[in-house]
Amino acid sequence: MQSNAVRFSCVGCGICCKGRLIPLTLAEAQQWLTRGDEVAVIVEAFDESNWPRSSEEFAHAKGRSVSVRCGDARINVIAVFAGKALEQCPNLRADNLCGIYDERPLVCRIYPMEINPFIPLRQDNKVCPPEAWESNDILCTDGRANPALEALIHQSRLADNSDATSKVAICAHLGLNVASWKDNALAVYFPPRTNLLEAIDSAIGNSEDHPDYEWLVRVDDPSLNERLAMANLAMAANDSTDYIFHTL
Ligand code: SF4
Ligand code: SF4
């Protein structure tokens, strides 16, 4: 059998710690906020028009989502909590090393491997410099991460699933009720740090806190907007300044 090993070793350049939002588990978001740093909330929605209901892609997305009301229909909503590192991560030291190395989030430990099983690892999609790919250390073989990394990826996927209900309930608690449509755009909220921390503190250990909350979907593309409205989804106006709407 042909083996296709990708070799990689981090060179500590710090490039992956700049200009991005860092997806966090609920517990990591709580730690991030407690350190005094900001967390963004990204909300996206989908239904069986994105993938067939019987597909593995649908099952994967469904596991990370919550079924919610939207107009006269039901949709699935995924809430991603992400550490704000739009200029650079607040934990990045002047020497480009991580200031919270022993507590760094799972995604930081996993990068540059992909967590989503449907996104193949591609060197040209990663910001790591060429010398990082000249190592003898094996990152993955035939698309499967080395065992230590595979365990972290598994842990991250489990957290995505187990945190889903609490994260969506926290959105409802904070009044964040507009979702973007998967693969069309991202709706990115920046709730006040203390409000989000209080909501997380009260949600952790209270898994029953999941009100049947009414969601809206925002889509700026006219034909997709019309299709979703015809499916009886409640559509949001496209002039809100409560969140950043980033079209993909
Ligand atoms: S937590 Fe550490 S590894 Fe992760 S982005 Fe920040 S500085 Fe980089
Ligand atoms: S960009 Fe790649 S090589 Fe540079 S610190 Fe991040 S993981 Fe390491």
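Predicted model: local features only at pLDDT ≥ 70, side-chain atom pairs only at ≥ 80, totals over all residues.
Residues are numbered from 1 along each chain as its sequence is written, chains are lettered from A and ligands numbered from 1 in the order of writing, and side-chain values use heavy atoms, with hydrogens and water left out.

I100 lies in the loop between strand 5 (73–88) and helix 3 (106–110); helices (H or I, at least four residues) and strands (E, at least two) are DSSP runs numbered from the N terminus. I100 counts as buried because its relative accessibility is 12%, where buried means under 20% relative accessible area, exposed over 50% and partly exposed in between (1.4 Å probe, protein chains only).

I100 also belongs to the surroundings of ligand 1, together with C17, I22, C89, N91, L92, C98, P105 and C108; a residue is included if one of its heavy atoms lies within 4 Å. This shell has eight nonpolar, one polar and no charged residues. Ala, Val, Leu, Ile, Met, Phe, Trp, Tyr, Cys and Pro count as nonpolar, Asp, Glu, Lys and Arg as charged, and the others, Gly among them, as polar. Around ligand 2 are C10, V11, G12, C13, G14, C16, Y111, V127, C128 and P129, a shell of eight nonpolar, two polar and no charged residues.

A nonpolar core is a set of buried Ala, Val, Leu, Ile, Met, Phe, Trp, Tyr and Cys residues joined through side-chain atoms within 4.5 Å. The largest has 61 residues, and V43, I75, F81, W181 and V217 have the most contacts inside it. Apart from this core lies another of ten residues, including F46, W51, I78 and V188.

Ten salt bridges were counted, each requiring a side-chain nitrogen of Lys or Arg within 4 Å of a carboxyl oxygen of Asp or Glu. R69 and E214 form one of these, at 2.8 Å from N to O. R69 is in strand 4 (residues 66–70) and E214 in the loop between helix 5 (193–203) and strand 10 (216–218), so the pair links distant parts of the chain, 145 residues apart. R69 is partly exposed at 29% relative accessibility, as is E214 at 31%. In the salt bridge between D220 and R218, the closest N and O atoms are 2.9 Å apart; D220 is partly exposed at 33%, whereas R218 is buried at 7%.
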